Amino acid sequence: MEEEAKKPMGWKELYLKEDWWAIYLGIGIIIAAIAAFYSGSTIIKSLGVLPPTWTDFGKLIEHFSSNFGWYGIQFAIWLIVFSISTRIIGFKQSEYLPSFVFLYILAIITFIIGAYKPLKHYGFEAPLVALLLGLLISNVFRLPKWMDTGFRVEYYIKTGIVLLGATLPFTLIIWAGPTAFLQATIISVSTCLAIFFIATKVFGLDRRFGAVLGAGGAICGVSAAIAIAGAVKAKKEHVSVTIALVTVWAIVMIFFIPFASKLLNLHPAPVGAWVGSSEFADAAGFAAAVAYGSMVGNEEPAIRAFTLMKVIGRDIWLGIWSFAFALIACLKWEKDESGTKPRPSEIWWRFPKFVLGFFVASVIITVIATGYTMQDYDKIVKPDLIKPIKNLRSWTFIFCFLSIGLTTRFRELAAAGKKPFWAFTFGVFVNVILGFLLSVVILGNYWINAVK
Amino acid sequence: MGNTCRDCIYFENNPRWLENELPGLNALSSAYGSARGEAGICSKLDIYLSPVKKCDFFEHRHADSLSVS
């Protein structure tokens with residue numbers, strides 16, 4: 001086993017990395033939904049069952065008694081596909097299975113709480129309930145560490161993003177993608193340089209540490225931090241501190257951006273773009289975007305703008321960032337060391353592959369949609385094909401949001417010194433203010449029209 | 001290609017082990033995702049790096065078994 005781990009992974013990543021499994025699962029669900037749609041079957045619709053909004057407890061009980069079987073089948077399908085894939089990736093099933101059962105039960109409780117109408121009034125939608133519930137459990141009751149095996153934040157969110165591709169027309173990606181890229185790049189480069197400058201020039205921190213902090217705050221959070229850390233040979237301690245800072249600020253932003261936007265009465269589209277520019281990780285960003293969309297009763301514009309900004313504008317460039325930093329480290333910082341020159345193939349190996357699934361899903365649904373008039377699309381395709389996919393996507397999102405809370409143990413995070421804390425925090429302010437100015441003030445109307 | 005971190009006794013990149021070594025890594029990311037590539041930790045220098053790097057402290061992971069046999 002150890003011998004195998006030491007050989008280059010290469011194309012074995014097709015079955016050893018979560019990204020590929022997210023593609024297989026997401027595209028598999030979409031194909032099943034399309035097959036059901038064309039054959040007139042309602043099976044996927046029934047499988048996408050969700051607790052309805054409620055005030056009368058009796059009605060809720062009624063819903064569960066009449067849909068008990070579908071919840072059971074849905075649970076069994078999730079359990080089978082996730083356990084097979086995680087087993088192949090390398091997780092112990094004696095740990096994964098009980099952990100996922102716990103997660104699923106918690107997901108149902110979350111949906112029930114999040115669907116309670118009086119609570120919705122205060123903005124406590126399912127994503128925020130999931131996060132708070134998870135944080136409460138992991139930080140107060142202390143679950144055994146082995147249960148993390150079932151709380152796969154990244155696997156669930158990546159699957160959700162592939163499913164999301166089926167709700168986003170490919171034409172929109174082509175049309176609004178370049179703007180998203182331009183906006184995201186302006187913000188990412190500014191934030192990264194700001195953090196790097198403050199960390200190295202003002203506080204005198206190691207430049208590798210500055211690079212990891214900058215990437216964590218500017219590109220895509222922890223994933224970027226570990227990609228860049230590996231490229232520049234950062235100290236392990238610097239990676240741990242960056243992970244801690246990204247995690248804490250990402251959680252603060254999940255609450256801050258939606259509630260601040262609610263206070264300012266903003267349209268969900270620019271808020272989605274703002275979250276996409278200023279949140280640090282996909283999972284945290286989706287929590288914030290979905291939460292705000294739910295708060296204002298219009299989820300899709302927030303999710304669409306967020307996805308364009310985060311996935312198209314930031315995530316897909318991670319390999320390039322990593323390669324660029326590796327080159328700088330190799331040619332500038334390691335002149336006196338025996339560093340090896342980075343190979344351009346690293347761009348591909350570090351590319352977040354699940355994005356490919358997102359594109360494929362978008363193309364498939366766009367091709368199907370071209371066979372319908374706008375009216376027929378709204379009347380037939382949306383309720384019978386898109387909605388069941390969206391409902392199943394909601395499940396993967398809730399698994400993810402719960403997992404964020406359940407794996408965030410504040411006591412375990414590395415203590416950050418004052419210097420890295422302030423360098424990163426300065427970048428957070430640059431990021432959030434620039435993101436707000438570009439997404440809401442300057443391009444607010446563009447985003448409203450682009451994703452409506 | 002030889003004598004890089006991948007073959008070094010001090011280098012470890014098992015994803016499960018990495019998620020334990022770097023607390024919080026699995027909260028908003030994953031050691032099982034593409035973004036990590038195959039990076040791991042060097043216990044000699046306490047640094048996080050790609051397996052294609054090399055340095056003067058390299059010790060082949062099979063050196064012990066070779067000398068014993």
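How many bridges pair S1(A) with S3(B), and in which sense do the two strands run? Keep that in mind as you look around this predicted model.

**Stop 1: the strand pair.** Select S1(A) and S3(B). They pair over two bridges, in the antiparallel sense. Now pick A:Lys235. Its bridge partner in S3(B) is B:Ile47.

**Stop 2: the whole sheet.** You now have an open sheet of four strands, in the order S1(A)-S3(B)-S2(B)-S1(B), with antiparallel pairing. Look at the edges: strand S1 (234-235) of chain A and strand S1 (11-12) of chain B each pair on one side only. Next, follow S1(B) to strand S2 (residues 40-42) of chain B. Two bridges join these antiparallel strands. B:Phe11 stands opposite B:Cys42 in S2(B).

**Stop 3: where the chains touch.** Colour the two chains separately. Here 33 residues of chain B are in contact with 51 residues of chain A. On the chain B side, helix H2 (25-28) and strand S3 (47-49) each supply at least two residues. H2(B) gives the largest share, four residues. By class, this side of chain B has 14 nonpolar, 10 polar and nine charged residues.

**Stop 4: two helices in chain A.** Select helix H10 (residues 170-202) and helix H18 (residues 354-369) of chain A. They pack at an angle of about 120 degrees, with their axes 7 Å apart. That angle makes H10(A) oblique to H18(A). Show the side chains at the contact. H10(A) brings A:Phe170, A:Thr171 and A:Ile173, while H18(A) brings A:Ser362, A:Val363 and A:Thr366. By class, that is three nonpolar, three polar and no charged residues.

Terms used. Residues are numbered from 1 along each chain as its sequence is written. Chains are lettered from A and ligands numbered from 1 in the order in which they are written. This is a predicted model: local features need pLDDT of at least 70, side-chain atom pairs count only at pLDDT 80 or more; totals for chains, interfaces and linings use all residues. Two strands pair if DSSP finds at least two bridges between them. Axes are lines fitted to C-alpha atoms, for helices over the stretch in contact, and angles run from 0 to 180 degrees between N-to-C directions. Angles under 35 degrees count as roughly parallel, over 145 as roughly antiparallel, 65 to 115 as roughly perpendicular and the rest as oblique. Two residues are in contact if their C-beta atoms, placed from the backbone, lie within 7 Å. Ala, Val, Leu, Ile, Met, Phe, Trp, Tyr, Cys and Pro count as nonpolar, Asp, Glu, Lys and Arg as charged, and the others, Gly among them, as polar.
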